[in-house]
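Please open the model in a viewer and keep a selection panel at hand. The stops below are to be followed in order.

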Amino acid sequence: MKYVDEFRNPELIRKISEEIHRLVDPDYHYRFMEVCGGHTFSIFRFGLQNLLPENIELVHGPGCPVCILPMGRMDNGLSIAKQQDVIFTAFGDVMRVPGKHGTPLELKAKGADIRMVYSPLDALNIAMKNPDRQVVLFAIGFETTAPSTALTLMRARELDVPNFSVFSNHVLIIPAMQAILDSPDMRIDGFIGPGHVSSVIGARPYESIAKKYQKPIIISGFEPLDLLQSILMLVKQMREGRFEVENQYSRVVPYEGNMSALDVMKEVFEVRSLFEWRGLGAIQQSALKLRPEFAKWDAEVRFQVEGSRVSDPQMAPCGQVLKGILKPHQCQLFGKECTPEHPVGALMVSSEGACAAYYHYVHLQEAVGE
Amino acid sequence: MKYVDEFRNPELIRKISEEIHRLVDPDYHYRFMEVCGGHTFSIFRFGLQNLLPENIELVHGPGCPVCILPMGRMDNGLSIAKQQDVIFTAFGDVMRVPGKHGTPLELKAKGADIRMVYSPLDALNIAMKNPDRQVVLFAIGFETTAPSTALTLMRARELDVPNFSVFSNHVLIIPAMQAILDSPDMRIDGFIGPGHVSSVIGARPYESIAKKYQKPIIISGFEPLDLLQSILMLVKQMREGRFEVENQYSRVVPYEGNMSALDVMKEVFEVRSLFEWRGLGAIQQSALKLRPEFAKWDAEVRFQVEGSRVSDPQMAPCGQVLKGILKPHQCQLFGKECTPEHPVGALMVSSEGACAAYYHYVHLQEAVGE
Amino acid sequence: MCLAIPGQIVEMLDGDRHYAVVNVCGVRRKINIDLLKNEHLLLGDWVLIHVGFAMSKISEEQANEQLNLLSMLNESDEAIEEVQGYQFDNEKV
Amino acid sequence: MCLAIPGQIVEMLDGDRHYAVVNVCGVRRKINIDLLKNEHLLLGDWVLIHVGFAMSKISEEQANEQLNLLSMLNESDEAIEEVQGYQFDNEKV
Amino acid sequence: MKTAKVNFTDSYIELAHGAGGKASRRLIEGLLVPYMMGDKPAELNDAAYVEANGSRLAFTADSFVVNPLVFPGGSIGELAVNGTINDLAMGGAKPLALVTTLIIEAGLTTSELEREVAAIAKAAQRVGVPVVGGDTKVVEHGKADGLYITTAGIGLTDPRVSLSSRNVQPGDHVILSGAIGDHGITVLLARGELDLEADLTSDTRAVWPFVSALIEAAAPGLRWLRDPTRGGVATALNELARDAQVAVILDEEAIPVRPAVRGACEILGLDPLHIANEGQFLAVISPEYADIALKTLRSMPGGENAKRIGEIQAEPKKAVLARSQYGGTRLIDMLIGDPLPRIC
Amino acid sequence: MKTAKVNFTDSYIELAHGAGGKASRRLIEGLLVPYMMGDKPAELNDAAYVEANGSRLAFTADSFVVNPLVFPGGSIGELAVNGTINDLAMGGAKPLALVTTLIIEAGLTTSELEREVAAIAKAAQRVGVPVVGGDTKVVEHGKADGLYITTAGIGLTDPRVSLSSRNVQPGDHVILSGAIGDHGITVLLARGELDLEADLTSDTRAVWPFVSALIEAAAPGLRWLRDPTRGGVATALNELARDAQVAVILDEEAIPVRPAVRGACEILGLDPLHIANEGQFLAVISPEYADIALKTLRSMPGGENAKRIGEIQAEPKKAVLARSQYGGTRLIDMLIGDPLPRIC
Ligand code: SF4
Ligand code: SF4
Ligand SMILES: [Mg+2]
Ligand SMILES: [Mg+2]
Ligand SMILES: [Mg+2]
Ligand SMILES: [Mg+2]
Ligand SMILES: [Mg+2]
Ligand SMILES: [Mg+2]
Ligand SMILES: [Mg+2]
Ligand SMILES: [Mg+2]
Ligand SMILES: [Mg+2]
Ligand SMILES: [Mg+2]
């Protein structure tokens, strides 16, 4: 598989690992945050932690759109899904996320018409095939996914599909990174920056962060070689006292990002003044809603969704885990009340969620007696 | 079972049978028509033909509302049933009657929402429970059933149920008897009159027929004793040269009929100027349609049903069988193309239909070698 | 033509005067009795039921008279004459 | 965060210029290419696919450069310097 | 596989093809048997026989799709066990083991499922047969009417009996184990659509204890057994008449029918002979053994209503006739389609 | 029946409970087994064993509910035969006979039904096992997704083998019969909802010929067999690790996966180890017999891709681990719920 297999080359992996070991300061405890859940997944999927020195700690960041979805948004979405003439569509990722009264899958089992889609365009197609029904797309995702939703909405407007609407939960990565860095109880030495988001937004947006907080940021790919190389680059910057934005993932990410994608996003979306992130609280200018010109296709307008704030279950410190303050296994519910099969928090749902990833990892550690 | 078991008393059955044998003119071939399909059914169900002298022939009449339903009406009904938001309701009797493109059961198998009801009121209830759907009752029946439909429609008006309507195929017995008697190729010596229709219309309507055509008419019950007694009464009238209306079924049928039932029928229905009977052709003033005041609940108005005339399948002489001109087994299709399982004509569908009854009877005759 | 069956009224539904409960051999159903509103139905009356409606009140007297007559058949000539003259009540009255 | 996967364009859909067919290891899908309308995509190009859209054109040159660099790691000091200086093209230019 | 004999011209499947009557028989004989069994003339029994290491096993499986899942006197789980036990019993086989598969509709509550699982376990335990395995599938909400159960069973045939329509002889007696129609009418009323109420319960039960007793008492006289499930007594006896090329002459008045079953049938225009039973069986027994067979059944709890309901005659072949006391004769046909309530 | 051990707290059933992964296991072990099997510690195998007159029979039944009914390389009818043959084979039993029951949705065309009946007949004939009986139910239009098939099978165990997770020892080898994921991905793509196309066919086949050959060549070394159907290789091996209280250590690179299966999995964020197979099996074989077993399989048509994919270790108990060439280790978990395509 081109652009995949080469980047899993065992020999090169070993080489970089050795180089990291060679360059780290053995007396320093490094804390690098991989912002993106895709990175978290890869790290566990490929067992990369094994290849790093013990004093490099990887902190799992907020870059999983499912994990940061506040329960109130989920409940709002499901309240729409319960309406009789609605076909509620969502990505597979969302299907196991618990709202206050259960997950989309559970609601579907009780008879709601909830369908999984692979692409936002699939939802639009369902709407065109079911003119008697209201088809709602429960959209999630960072800047990687938002342009696809935007293009789909433009297409809905072009074809004038009256029974399609989008419930937007799209969020922005830069405000989230800032919120984490602003958090007083937080120490991060550098970031492994999200590769696919960056293919849209480019590198520039990170520069002010790198400068303001004096943290190195490496925009990184998702294969083992990519991640290890990014860590190596972070170690080197620290060794050299630099705090720059570097692009490890240049085969995919251009400096200026994807202008067409940014354009369609701007045409369809505007920035919300405030949006609640699960665990992180309300963050200013951190999410996207549909512009008034698209009110006709805005599920929040059509179904008059009131913002319902539901706090995370008591005792569930998902937010602290999201910010990297707590390790997942330090949560009291971890592995007991909260498991991948019966998640309490969203971090346990997504295979990108830090808790789900850790759950397997800890079992593995226990298993292999480490 | 009171009012049933006493009228199946084997000893009394034998007595009347003997009395009939005693009183018949051995040189005369009697042809009595049981007008009502219920009588036809009883005759075969209880094997009454065995108990009669060979020279009494029972001719099976048109009193089966399913048998005389023209295929065009069935097709009209099914064209409504095919519409997407319609729940089409009908009595079980109708479910196997073939339209041009199949039976209600077959259409249901393909996905149409067709439901069996026991009472017209059940259809109204379905409408009230499914306000989003159009619920249509495909009503059939003679004067016995028409009052129930009428009361149901009055109730629909009272409760103002907007999504209920009736497709009326109600027919009248007197015009049918006249049509048969007017038919030149027809010889009938007397009638076993329909007991349950008479509980509504009473005896008076038959008197002009008895007089005009000089035929005895015995209003008869449905148990073996009732039917045998009625035949005995016919034989006696003929013996004595009388042609009167007599009421064998006085425990159920009052002379004047049921005034309340006649009143509700009049309030809801008016007589159609012309109605097609399967096999008998168009008969004047022989059927009921909803009055204009009930147009809102009239499926023919709501669904703008055009009268489609579909002739019976070629080679299918159902009409001649209905009039008693042909015996069922004289039909070329009988027992070959046309069987109870795969009926060509409606007479093979209903267990009251002469052909279905005969099919079993002939098999029996063949079976016992008669 | 019209399947109808005798049943006995076992309950008058006070809450809904359009309906009564009938019993047929131990099977009970709520039926509409509007068509017999002039008959002043009482508990224990027998009615003929068709498509969920009471069509006719059954006369026990007439039934017994018929059975008596028939049982005398072949046994007395009078009975035969009765059968012959067996016509509408109101005509006899 | 965002599952995206490289695929090769194997068909440009002339009838519908918004779409192309990509091949991922023998699996084909019609994807929307509107987000790369400025890239002048050609048959044989590799793109990154996410939720049925092409997000980015993949640079073979950049990929090879990276792999070359990494293969020289531990073998020449120059390579290490390269890794360190490995930054945005446009900044180098 | 020989498919030359395929003879099924209906263009699609409807409910009647599953109702146990004529359409079912046409589907099975016209389409399924030619493919599955090729040229072999099929005698379609409740259970098939399989030789294994010198033992003759009976092997059967049935799917259960009843609506509602629970009804007076039973539920789908109990039905699924009893039905399969009964098919083995009809093959003259002592039931050895059951396997049950569940097709569950997403959204079924655990308490409903648990109730049926308990019903399966209890019914199996009652007759002392272990459930040794199973399978579970879940289908989307809106499918599967809550729960479909399939039960497979194996049994060991008793070497003293040989059951086949081919053994049936003119003069043999037809014995029925008890009152008919209880199950079918109970379920019909339980659906609630007809608004009829009656104090009726399904007759579902395992009849193996009765068959076992019959084998002990009358093995040499036992010719044929059948549980008159879908299609009722009329259909089962018509199949016998056809397979054995004989006539079955019934004494209709002897057939036990509870008043409420009769009442419901009169109201709805149905024939009790067409109504399904789930705890009764028909036995054809040679005249010498008929009395002892009947006595045996009647002496057992639940067998008190067993009756001799007819006999086998040579002619008219392939017919089932009912004779009434006053000399009327009627032909009893197989069920056609589902039994539909009628108004005329 | 002992129900004290019931331990199932979900309040209703959803699709995950039928997907073959963790939820399925909880349902089966927490609810079904306690009722059906009482206190006996259950080893849940593909087929159960039943003693009959001194023979040891294998007995199994499975329901098949695939959508669409036909997919590249197979159809529900073929699947239903092969699946049950395979479960018998996994019990080390030579298949003797099958019984199939059909639950048909009213409105299914006769040609669709005939196609599946022919597929059943052909698949059974291919492996030389007769279909000796059946049952047919028809449910209302809108139910049953066209057709559900349940197939029960009985087989005769080979006295030379004793298959059980209890026999599995550290040092034993894990052998896989061929490439994985073909069936699950083929069916997923055949549904058409994902708009993905690939030249893939289901791997559905009866594996009894392979198992038979393994018995001949390596009976004393055969410890355990399992067909990794729903839940895939990951789930089957997790069940082994749990039941046998061992670790299964996989060499992930050795596991054969076709490029298109891999491509589809990468696109959809799925793991091939969780994808269903319908013509593969896993065997645990003692070290002395591993080579001959592998050679035997590879010498047979359709067995060329058989691989040694891992081995059993004593520790860490109850875990399945994959080790990569560069020293990474990951834990392979059972499937949780249905495999859902994901975007992040
Ligand atoms: S273990 Fe569960 S509750 Fe605890 S932080 Fe993680 S997701 Fe939240
Ligand atoms: S046999 Fe069939 S076609 Fe012929 S008259 Fe009777 S119903 Fe009509
Ligand atoms: Mg049976
Ligand atoms: Mg069976
Ligand atoms: Mg019971
Ligand atoms: Mg059975
Ligand atoms: Mg199974
Ligand atoms: Mg298996
Ligand atoms: Mg199995
Ligand atoms: Mg195949
Ligand atoms: Mg299996
Ligand atoms: Mg069966």
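**Charges over rings**

Select Arg45(A) and Phe46(A): Arg45(A) lies over the face of Phe46(A), 4.9 Å from the ring centre. A charge is taken to sit over a ring if NZ of Lys or CZ of Arg is within 6 Å of the ring centre and within 35 degrees of the ring normal. Next, in chain C, select Lys30(C), which lies over the face of Tyr19(C) at 4.5 Å from the ring centre.

This is a predicted model, in which local features need pLDDT of at least 70 and side-chain atom pairs count only at pLDDT 80 or more, while totals for chains, interfaces and linings use all residues. Residues are numbered from 1 along each chain as its sequence is written, chains are lettered from A and ligands numbered from 1 in the order in which they are written, and side-chain values use heavy atoms, with hydrogens and water left out.

**Aromatic rings**

Rings of Phe, Tyr and Trp (its six-membered ring) pair if their centres lie within 6.5 Å; planes under 30 degrees apart count as stacked, over 60 as edge-to-face and the rest as tilted. This rule gives 22 aromatic pairs over all chains. For one of them, select Tyr28(A) and Tyr30(A), an edge-to-face pair with 5.0 Å centre to centre and 85° between the planes. Tyr28(A) is partly exposed, at a relative accessible area of 30%, and Tyr30(A) is buried, at 4% (buried means under 20% relative accessible area, exposed over 50%, partly exposed in between, with a 1.4 Å probe and protein chains only). Then move to chain B, where Tyr30(B) and Phe32(B) make a tilted pair, 5.7 Å centre to centre and 50° between the planes. Both Tyr30(B) and Phe32(B) are buried.

Which protein donors does the magnesium ion (ligand 7) have? Select Asp135(E) (OD) and Asp62(F) (OD), which lie 2.1 to 2.2 Å from the ion. Donors are N, O and S atoms within 2.8 Å of the metal (3.2 Å for Na, K and Ca); water is not among the atoms, so sites may look incomplete. The pair crosses between chains, from strand S6 (residues 131-139) of chain E to strand S2 (residues 55-64) of chain F. Strands (E, at least two residues) and helices (H or I, at least four) are DSSP runs, numbered from the N terminus. Asp135(E) and Asp62(F) are both buried. Finally, show the magnesium ion (ligand 8), 5.6 Å from the magnesium ion (ligand 7).
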